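Reader: I have a structure open and would like to learn how to read its features. Could you walk me through a few of them?

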Amino acid sequence: MKKGLAFMLALVLCLTSAAALADTKVSFFTGKIETIDLLNEIIDGFNAANPGIVVEQEYQNDASSIIKVKFASGEIPDVMTTYEQEFVDQGKYLDLGGMNEWWERLIPSMRESCTDLKTGLQYRVCTNVTMAGFFYNKEIYAQLGLTPAVTWDEFVANLTAIKETMPDVTPWFIFGKEAWHLGHLIEFIPHGYLKQSLGTLACKAAMLENDSAKLNFGAADGAMAVFAQNLLDLQANGLINDDVLTATSDNCVEAFVTGKAAMFSNGMWALSGLLEANPAMADQIGFAPYPAYMPDSQPVVLSAEDSGYAISATSANVDAAKAFLSYLFSAENQKKYSEALGSPSAFMDVQAAWAPEAFVAEVAAALSSAENIGFTNEKPAGFSGDDAGRMVQDLLAGTYDAQSFAIAYEKAWNEGF
Amino acid sequence: MRVKRRDYTQWMSLPALLLFCTFFVYPLIRGIGMSLTDWDGMGKATFIGFANFTRFFQDARALGDIRTTLIFAAGSALLLNLFGLLYALLMEKPFHGRSLARVIIYLPAIISPLIMGYIWYFLLQPGRGFLYHAMAQIGATFPLGNWMGNYPTTMAVLIFVNVWQFAGMTMIIYLAGLQNISSDMREAALIDGAGAWQRFTRVTLPLLAPAIRINVVTNIIGSLSVFDVIMSLTEGGPGYATESLSIYIMRMCYGSRTGYSTAVAMILFVMILIPVVISMRLTRARD
């Protein structure tokens, strides 16, 4: 009896060990909800084509927070879409600079965007380009004879014309319950001005070094105070929605696709939601840059790296992880990926129908007419985009005036370092 | 022959003790140690003494969060007990459909507070919620207006949702307490000529002391550590106006200030401990 039991246990042990040896498990951690189904399909294809390697996808809604827990607990995924400067500084990512088979296919400016300014190395590969600006209703604009604004005065004139002619339409819809959205306004408008006026690299360096002489966040006539005053003026004149503090992105989509909102600020990731809510609107969605709002500024539009993939520096499965990414980055898979994500591919050999043709033309026009800026990846670790957004909530709730907002922003930024 | 029997009953508590040590004592000791460091959650931790604690009391946002947490806890604990007791007194008396009424009152307690918050947000959202439209249909004005722009109204909404959800749970404990009170006592008071109010204050209430203690303690603990209902209704906003200490701890922890957030968790632990000890002492004295 005992011998039989021992034999069975030994057999089970051998079988499980053999199975463990046979399969290299690559853990893949993502926060991108848009691509879960497609990635499962791609992973199935990879697993079938690569016996001995099993890729497992884990999605978390709050991925940027959860990854910190994973790093702290040592349960670090092999491949991840989360990327932050503080992790780069702590050496959490593998240098991917030698992966020429990927870089040679990538738009050169995207390789620059994927390069860490401090080390000059590439710790991630971005598969897509994303843009952010104003989505506007072309039909409303055509009815009122409006064109996208180049200066802030023109922008206010457009909003005023909409309000006066169409009182039931919200000229600019801001969904301020979601702090990230307000944080993006800071990122694209005042930070956009800094990136445009200082130059992309100089601005990144100033942010990394917290060069307050260049950033000048607290100045009474600086980018932050002028932005805050402009926003307060729009609120006082009823040019943004009354429920700015409680409106959600779903409310914004609903208002826009039903013609109750003339424009809103967002990135390409919003497009699929608009088309899903009202497919007939495909040709009516316009896209415009953020107007120039400082005396010496130009209109800006976000044109940045999107959907970055990184490999853990401590991964025991580097080769398998690279094999998986090579498979994922193939032109065939990236075409599907780009179309699922709703943003153009960063790979030059990928031709994807990522949006309706009319909208693609709008985006191309916006990119060519405005200064292209990137994301602010150099924010201090202790002062997130959401934190900045909550300060804008306070501004709109009447806690700050423009000047005190600028001073508080500078203080929060400095403390974040 | 006499067989010597050993008493093993004391060892029966060992599993519970092990669980308590693993999930409470050990994390508490580690937490105390962590709270004295500048650990960012990933890198090397450096001992900084009580700097995190002194910093907390100099942080205007943290002090605002204490105010919000205390207002929420005081309002919730008071109203939960008032409504719980009121429901229990009403539900104690037999009437047609009593079981159904009890179920309806208790039902919200089984739903996640996070989901409950979202449901109430859809009902109360200024300008867009169900109640706003329903009142507009009958030509009435939405009484809460733009409630998220007004701190007292926002706090009132948060407390209301919490009380609405958990009053049923408080009711169940009071009902159990009421059922333990001998009917002889009440009848004796009635024969002695005591009125309804006197019977309630002199007989029912003192004999409900154990139930009151359980309810007050659990409501204080639950309300002081409130997280989900605020996250789903206001996300602590606008700005940080309605942020509770639990939300602050979470945000500091994920904001690479793990050592500091652990120090704040220790402060919250003490904040919870003080009223719990006081209420237990008071009700024990009443016993």
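Author: Gladly! Start with the domains: the C-alpha centres of domain 1 and domain 2 of chain A lie 29 Å apart. Domain bounds come from an automatic or database domain assignment, which here gives domain 1 (23-130 + 305-355) and domain 2 (131-303 + 359-416) of chain A. This is a predicted model, where local features need pLDDT of at least 70, side-chain atom pairs count only at pLDDT 80 or more, and totals for chains, interfaces and linings use all residues. Residues are numbered from 1 along each chain as its sequence is written, while chains are lettered from A and ligands numbered from 1 in the order in which they are written.

Reader: How many residues does each domain of chain A give to the contact between domain 1 and domain 2?

Author: Two residues are in contact if their C-beta atoms, placed from the backbone, lie within 7 Å. By that rule, domain 1 of chain A gives 11 residues and domain 2 of chain A gives 17. On the domain 1 side, helix 4 (85-89) and strand 4 (125-137) of chain A each supply two or more residues. Helices (H or I, at least four residues) and strands (E, at least two) are DSSP runs, numbered from the N terminus.

Reader: And how do I read a helix pair?

Author: Two packed helices are described by the angle between their axes and the distance between the axes. Axes are lines fitted to C-alpha atoms, for helices over the stretch in contact, and angles run from 0 to 180 degrees between N-to-C directions. In chain A, helix 13 (residues 223-236) and helix 20 (residues 402-416) pack at about 135 degrees, with axes 8 Å apart.

Reader: Which residues of helix 13 and helix 20 of chain A meet?

Author: From helix 13 of chain A come A:M224, A:A225, A:A228, A:Q229 and A:L232, and they meet A:A402, A:Q403, A:F405, A:A406 and A:Y409 of helix 20.

Reader: Which residues of helix 14 of chain A are buried?

Author: In helix 14 (residues 249-257) of chain A, they are A:N251, A:C252, A:V253, A:A255, A:F256 and A:V257. Just after helix 14 of chain A, A:G259 takes a positive phi of about 80 degrees.

Terms used: A residue is buried if 20 or more other C-beta atoms lie within 10 Å of its own, exposed if 12 or fewer, and partly exposed in between; C-beta atoms are placed from the backbone.
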